[in-house]
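Work through the exercises below with the structure open beside you. Try each task before reading its solution.

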Amino acid sequence: MGPRSPLPIHGRDDELDALGGMLVQARAGDGGALTIASGPGMGRTTLLAETVRRAGPDVLTLGTRGVRHEASVPFAGLHGLVRPLVRPFGRLPNLLSRLPAAQARTLTTALANGADPAEVGTALPAAVHALLAEAARAGPLLCWIDDVHWMDRVSLEALAFAARRMAADPIVMVFTVRDDPPVIAGRQPLDAIPRLAVGPLEEAASLRVLADLTGGPGVLDEGLAEELAELAGGCPRALVDLVAGLMPAQLSGDAPPPRELPGESTLRVYYRRRRRRLPPGARRLAMLVAAGERLELGTIARAATAEGIALGALEMARNAGLVRIEGNIAEPPSPLVRSCLYADAPLAERRSAHALLARVLDQDRHRHQRSLHRAALALEPDERLAGELAAAARTAGTFADSSRVWERAAELTTEPGLRSDRLLAAASDAWTAGRPRRARALLRRVRAYADTTERVGRADLLQGEIELADGLPATAVDLLMRAARQLRAADPEAAARALVNAGEAADMAGDHHSHVLAAEQAASLPAPRGAEHRLALAHLSGMGKTLQGRPREAAVRLDEVLRLADTVDDCAALIWASAAALAHGRHHRARALATLAVTGARQHGAAPLSPSALTMLARCEMALGRYPVAVAVAWEGACAARATGQRNREAELLATLALLAAFLGDTETCLQRLHEMGTVVGGRGLNRAAAYATWAHGFLALAEDSPADAAARLKRLTGGGTAHIIVRTVAIPHFVEAAVRCGRRRAAARAFTFYEHWVAGSSNPAGEALTERCRALLTEDENAAGAHFDEALRMFREGDSPHELARTELLYGQRLRRDRRPRDAREHLRTALELFEQVGAHRWAERARTELRAAGDTLTPDIADADLEALTAQQLRIARLVADGATNKEIASRLVISPRTVDHHLRNVFTRLGIRSRVELAKLVR
């Protein structure tokens, strides 16, 4: 019986695609081999089990596994795989009779009980290969070999020999091995076999695993699930063990989440055994690294000298997988390993390690770390030591470090209010370090000690800001509005910040009523003092009046924001000012302010603000029509949001990237980004991101020349209802275009009336240009249409918006051609084609070519001008293999990916190079 896979598999699509691709190859007559390598508990055997399950009845499956207690028994591993073939098995007869007599004798001898490797000699590998090849004559064969690191030497060498010779037979051989593969006679038998490294699961996949383990989504508290996912570090086995060890009080929230695996966990036992096998000196240094978490090698050298330990002991701990060394730093390989080592060490050993580190750490460079290690020795609250830690926290090198110091200071503090303040400082620094999960856990403790309205208000403010970036926007609105009420008397500036963020949360949710309420509440705050305070209130008031449809009053307040922006350097204030400038139609000013905000966030290490600043800059670049730049900025922002756990920000940036891809006519990328957006976060009420997604779908239909579909999609966005009002408004010109093209002129005119009124109330040059283009599309009069198109083109040229300029040229050319003026049309269509090619909008360029051909011009794609540098490294490898005549199946085998993945990359290659066939690609690459 093969390995079992009881639960659905998450986060391993690429690995399963690669394995499935090999099965497809085997059915086509081509074999291959693959080694799945990973650390303990990462799911090697689970992948193997799923591959066996997916093989189907047409594939004969054989398997064996290494067993630790049989590692010294010759031929033990081979028995499980080969023995079924030397007697009738399934649809196969006894295959020994089909082999040459010498090979049959070799196998018979090897499989006899107590066989001596000397009797077999060197003939066994060839005999095993011949036997498997004979079995494959009846159909595809899958051989799985699990836990190769425990396999006996002769079995492994024979199987590896066979695996290296499978290309001509319909045989797939899959090995699984730990990250440290076995070495035989100075070499690794699996070296020549392609290796598939299996790393930790991403957080989203870990959360889905937890949902499966606990009975479905929502059964496990979200905060607890996130804590478990962080502790497990993407290790599926750890997730299983953690769930199995949860106590009822932890499930109900009455006890803190676990900090280590249960004592009987298979993984914890694994690391415990590794630690115990080390000699005392190596065990001592491994414990030192676990206690210090991140130590310079110089510090370890001083500690080793003080204890009389040879430095070679550190290398032993490293070889055991308990210490990782990168450059000048030694640290545990993962938080999971660290927690196992620390939990299993006796109390006296832990205290001894902390005491040693407190002595040997450099007094000037590692002040906060020395304080932490001294604090680890304290067995009860100590106000003097707590004060020392608080002082050290203010000078710690990173926000993550200061958060840890503040937390320990709070634990040693006896006065509840002061403990609340120190826990809040720890939570704030954890959030600034990009650790929202840790910040939430600390905030839960803050409220237990907060003894004044102001302290509760500050906790609500921080909690609301975290919910805004990585939670439910509706919850963020409630928390932030409440925080503003609690802080209005004691700290009006903090209250103003709370209300601006409440407005942002409401805007994210499309809750315009709450946004206006936040603006009204801001108007009743005490008289503003600092410039940042005044800017916040003016911004909120201006945006509120915009949402109320009072553009002229909004313009007055937004102008005030832009005047105040010259007097502030706070990153958050610059983001608000940029948003105000963008809403006011001052796109270049908005970009300048957003650039300053991005620079400030980078310089000050403000992780929470970096994705917000990059989001703002991406929207500015998009508004200016600088789509390739906007894509780069938005992608940087999405990566920053992912790295700092800001899933709402990540979803919004992915929606922005989808819209940009739609603008460029890149269907595949657009749909991919929308899919990623859906998997990042769902059911949170991210109305603004959803509006961007709808806009992207609608514009994509325009790019694909499906105006009726585009109009139907954009109608859902621009027709009112619950759609986000600002996104709904700026998408109207595209609805007008789609509706006019499919004969819905009356609906287009109604939508345009609203847009025209909105543009008239703001100084928005891009909006004015789009207004002229809409008028050109809506008018029946040929001369009037030409005048409006000419004015729109003039405005777009002055505004430096190449994509909208190109699309206007295309629309004008289409109108002229349909008005039977092909010669005039060709001039505009050629300009459109040139501009589209310049900005990389290949699908739109193809639309322009089609129109040019319809207007009587003859064009052929100039593949000599295609830019290979536009391809990714993987795409270029695939392009070169295609040019050499390789099929998709052959490429998949060569690169250890699935044929479906090859096809995906190849379609992107064709799109990026503006070609349509393998023949054109071959000409270009050669």
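A residue counts as buried when its relative accessible area is under 20%, as exposed when that area is over 50%, and as partly exposed in between. The model used here is predicted.

**Exercise 1.** Determine which way the residues of β1 point, and whether they are buried or exposed.

Solution.
1. Strand β1 covers residues 32-38.
2. In a regular strand the side chains alternate between the two faces of the sheet.
3. In β1, G32, L34, I36 and S38 point one way, while A33, T35 and A37 point the other way.
4. Seven of the seven residues of β1 are buried, so the strand is largely enclosed by the rest of the structure.

**Exercise 2.** Find the strands that pair with β1, and the residues opposite A37.

Solution.
1. Strand β4 (residues 171-178) pairs with β1 in the parallel sense over seven bridges. Here A37 stands opposite V177.
2. Strand β5 (residues 195-197) also pairs with β1 in the parallel sense, over three bridges. Here A37 stands opposite A197.

**Exercise 3.** Give the strand order of the open sheet that contains β6, β7 and β8.

Solution.
1. The order is β6-β8-β7, with antiparallel pairing.
2. β6 (295-296) and β7 (324-326) are the edge strands, as each pairs on one side only.
3. β7 and β8 (residues 329-331) are joined by three bridges, and I325 stands opposite A330.

**Exercise 4.** Locate K715 and state which residues gather with K715 in a charged patch.

Solution.
1. K715 lies in helix α36 (residues 707-718).
2. The relative accessible area of K715 is 33%, so K715 is partly exposed.
3. On the surface, K715 gathers with R744, R746 and R750 in a patch of positive charge.

How values were computed. Residues numbered from 1 in each chain as written. Predicted model: local features only at pLDDT ≥ 70, side-chain atom pairs only at ≥ 80, totals over all residues. Heavy atoms only, no water. Patch = residues over 30% accessible without salt bridge, like charges linked within 9 Å, V, L, I, M, F, W, Y side chains within 5 Å. Areas by Shrake-Rupley, 256 points an atom, 1.4 Å probe, with all protein chains shown as cover. Salt bridge = Lys/Arg side-chain N within 4 Å of Asp/Glu carboxyl O. Lys, Arg positive; Asp, Glu negative; His and termini not counted. Charge placed at Lys NZ, Arg CZ, Asp CG, Glu CD. Helix = DSSP H or I, 4+ residues; strand = E, 2+ residues; numbered from the N terminus. Buried < 20%, exposed > 50% of the residue type's maximum accessible area, 1.4 Å probe, protein only. Pairing = 2+ DSSP bridges.
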